[in-house]
Amino acid sequence: MAISSKLSDEQLAEFKKVFAEFDKDSSGSISKEEFGAALKKCGFEPSQEEVDALMKAADSDGGGTLDLDEFISLVIRVNIAILQAKLVAAFKAIDTDGSGYIVASEIGANLTPVCAASSAAVERRAGLWGCMAVVLEGCSDSAD
């Protein structure tokens, strides 16, 4: 079952809008070149090896391009990895004794700075999801 069938109409419309922005030649797929250019437009500076690795990981049918479902899957996987990294960092920030457990004394002493850092990260809109937000806001139109 295609991942796009599991999204709400609103979510799918957002993904389609960003996909169309990345698909510069309107071919219905995103080439390696289009993907690399889109990442750069979003403020990332990936090496060709990184673009190649992302494309290879996401190109489930081996066609050399990303269709809409492959693109959606990639964005979701990247955002899950970003979220997991943030959760691990937040846990480690609170678990000051490194025990692998959070005790009451650590919560009181450490939760306020972690919450502030999390809010700042959300405001920066990191990762590909943030890139999607920038594209949806039309910021990408000025850099053609």
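Nonpolar surface patches are made of residues with over 30% relative accessible area and no salt bridge, the nonpolar side chains being joined within 5 Å. In this predicted model, F91, I102 and I107 form such a patch on the surface, and their accessible area together is about 220 Å². One of these residues, I102, is located in the loop between α4 and α5, the latter spanning residues 104–124. With a relative accessibility of 32%, I102 counts as partly exposed.

The interior was examined next. In soluble globular proteins, nonpolar side chains tend to be buried together. The largest nonpolar core of the model comprises 19 residues, and F15, F22, I30, F35, L66, F71 and I72 are those with the most contacts inside it. At least two residues of this core come from each of α1, α2, α3 and α4.

Among the residues with the most contacts inside the core is L66. When residues up to four places away in sequence are not counted, L66 touches F19, S29, I30, F35, M55, A58, D59, F71 and L74. F35, another residue of that group, is placed in helix α2 and is buried, its relative accessible area being 1%. Under the same exclusion of residues up to four places away, the contacts of F35 are I30, V51, L54, M55, L66 and L74.

Helix α2 covers residues 32–41, and its buried residues are E34, F35, G36, A38 and L39. An α-helix has 3.6 residues a turn, so residues three or four places apart point the same way. Following α2 is G43, which has a positive phi near 100 degrees.

Aromatic contacts were considered separately. A pair of aromatic rings is described by the distance of the centres and the angle of the planes. Two aromatic pairs are present in the structure. In the pair of F19 and F71, the ring centres are 5.7 Å apart and the planes lie at 65 degrees; because an angle over 60 degrees counts as edge-to-face, the pair is assigned to that class. F19 belongs to helix α1 (residues 9–22) and F71 to helix α4 (residues 68–94), so this pair ties together parts that are 52 residues apart in sequence. F19 has a relative accessible area of 8% and is buried, and F71, at 1% relative accessibility, also counts as buried.

The rings of F22 and F71 make up an edge-to-face pair as well, with centres 5.5 Å apart and planes at 80 degrees. This pair links distant parts of the chain, F22 being in helix α1 and F71 in helix α4, 49 residues apart. Both F22 and F71 are buried.

Charged contacts complete the description. Side chains of opposite charge can pair when their charged atoms come close. With a cut-off of 4 Å between side-chain nitrogen and carboxyl oxygen, the count comes to three salt bridges. E21 and K24 meet through their side chains in a salt bridge with an N to O distance of 3.1 Å. E21 counts as buried, at 19% relative accessibility, since the limit for that class is under 20%. E21 also forms a salt bridge with K41, in which the closest N and O atoms are 3.8 Å apart. As E21 lies in helix α1 and K41 in helix α2, this pair ties together parts that are 20 residues apart in sequence. K41 is partly exposed, with 27% relative accessibility.

The remaining salt bridge joins the side chains of D52 and K32, with an N to O distance of 3.3 Å. D52 is part of helix α3 (residues 48–58) and K32 part of helix α2, so the pair ties together parts that are 20 residues apart in sequence. D52 counts as partly exposed at 29% relative accessibility, and K32 counts as partly exposed at 30%. Through salt bridges that share partners, E21, K24 and K41 are joined into one network.

Methods
Residues are numbered from 1 along each chain as its sequence is written. This is a predicted model: local features need pLDDT of at least 70, side-chain atom pairs count only at pLDDT 80 or more; totals for chains, interfaces and linings use all residues. Side-chain values use heavy atoms; hydrogens and water are left out. Rings of Phe, Tyr and Trp (its six-membered ring) pair if their centres lie within 6.5 Å; planes under 30 degrees apart count as stacked, over 60 as edge-to-face and the rest as tilted. Helices (H or I, at least four residues) and strands (E, at least two) are DSSP runs, numbered from the N terminus. Buried means under 20% relative accessible area, exposed over 50%, partly exposed in between (1.4 Å probe, protein chains only). Patches are made of residues with over 30% relative accessible area and no salt bridge: like charges are joined within 9 Å, nonpolar side chains (Val, Leu, Ile, Met, Phe, Trp, Tyr) within 5 Å. Accessible areas come from the Shrake-Rupley method with a 1.4 Å probe; for residues, only the protein chains shown count as cover. Contact means heavy atoms within 4.5 Å. A nonpolar core is a set of buried Ala, Val, Leu, Ile, Met, Phe, Trp, Tyr and Cys residues joined through side-chain atoms within 4.5 Å.
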